[in-house]
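Reader: Please examine the structure below with me.

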Amino acid sequence: MKKQSRHWTADLGNTRIKCGVFADGKLLETKTFADLASFQAYFRPQKADRVIMVSVRWNEEELKDIFGFPFLFFDRKTPLPILNNYSSPETLGLDRLAAVIGGRAFKSAGSLLCIDAGTCITYDFLDKSDKYQGGAISPGLRLRGRSMHEFTARLPLVTLTRKDIPVLGKDTVSCLESGILHGAAGEINGFINYYRQAFGQVHVFICGGDAEIFESLIKDHIFVIPNLVLYGLDRILLYNVEK
């Protein structure tokens, strides 16, 4: 039996590298690496496999020198299956585009709101005509905690370690925990309500490192898909292969 070719998707960030292996649009496995050496030890595409990479740390030529095999480098010149209506496309994070394209892999019709809960919380809207329209950026959970600690004289640094934080805080630490978590959840719910009032039915996806924290706190029906950006990279790779 002929071995099935695979799509390798790699997101090389500043602090970590995330890789996903796909076959026919299905995510077979994911791995996260703290450094390039450990990623290289795992990263072994076969001859028939296809590869897409995106990086905020290394450029295309540097990655070609490192890996020595052909791949699609996702940058601002890469053809996309959506239209980008952002007013300053040169400043738009490529992960934000990949997220909405990943959302389209799960919902082929209708408007999408993709919320990436990471260092920052980003909101990205793709309308039903497959036009990316923009969104919003706000501080993520850790940034909220750090900012209150660093820009005040006495508030301690709080790091969230659990999901079951009561809304009503009884001391300074629990008040900070409540403000960080439930404040962010209230913001997310507010954005979801705005988009649904403005555009009707909107499919909502939450991805990123803190996605699962919000799953039980968001009132409206949502899809929690932590690897949504990898799905988007797979769709971008497929689109360029078929062109």
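**Strand pairing and helix packing**

Author: Seven bridges connect strand S2 (residues 17–23) with strand S3 (residues 26–33), and the two run antiparallel. Strands pair if DSSP finds at least two bridges between them; helices (H or I, at least four residues) and strands (E, at least two) are DSSP runs, numbered from the N terminus. This is a predicted model, in which local features need pLDDT of at least 70, side-chain atom pairs count only at pLDDT 80 or more, and totals for chains, interfaces and linings use all residues. Residues are numbered from 1 along each chain as its sequence is written, and side-chain values use heavy atoms, without hydrogens and water.

Reader: Which residue takes a positive phi in the hairpin of S2 and S3?

Author: The hairpin has two residues between the strands. Within S3, Thr-30 is the bridge partner of Gly-20. The positive phi, near 55°, belongs to Asp-24.

Reader: At what angle do H3 and H6 pack?

Author: Helix H3 (residues 94–106) and helix H6 (residues 228–242) have axes, lines fitted to C-alpha atoms over the stretch in contact, that lie 6 Å apart. The two helices are roughly perpendicular, a term for 65 to 115 degrees between N-to-C directions. Their packing angle is about 80°.

Technical notes. Axes are lines fitted to C-alpha atoms, for helices over the stretch in contact, and angles run from 0 to 180 degrees between N-to-C directions. Angles under 35 degrees count as roughly parallel, over 145 as roughly antiparallel, 65 to 115 as roughly perpendicular and the rest as oblique.
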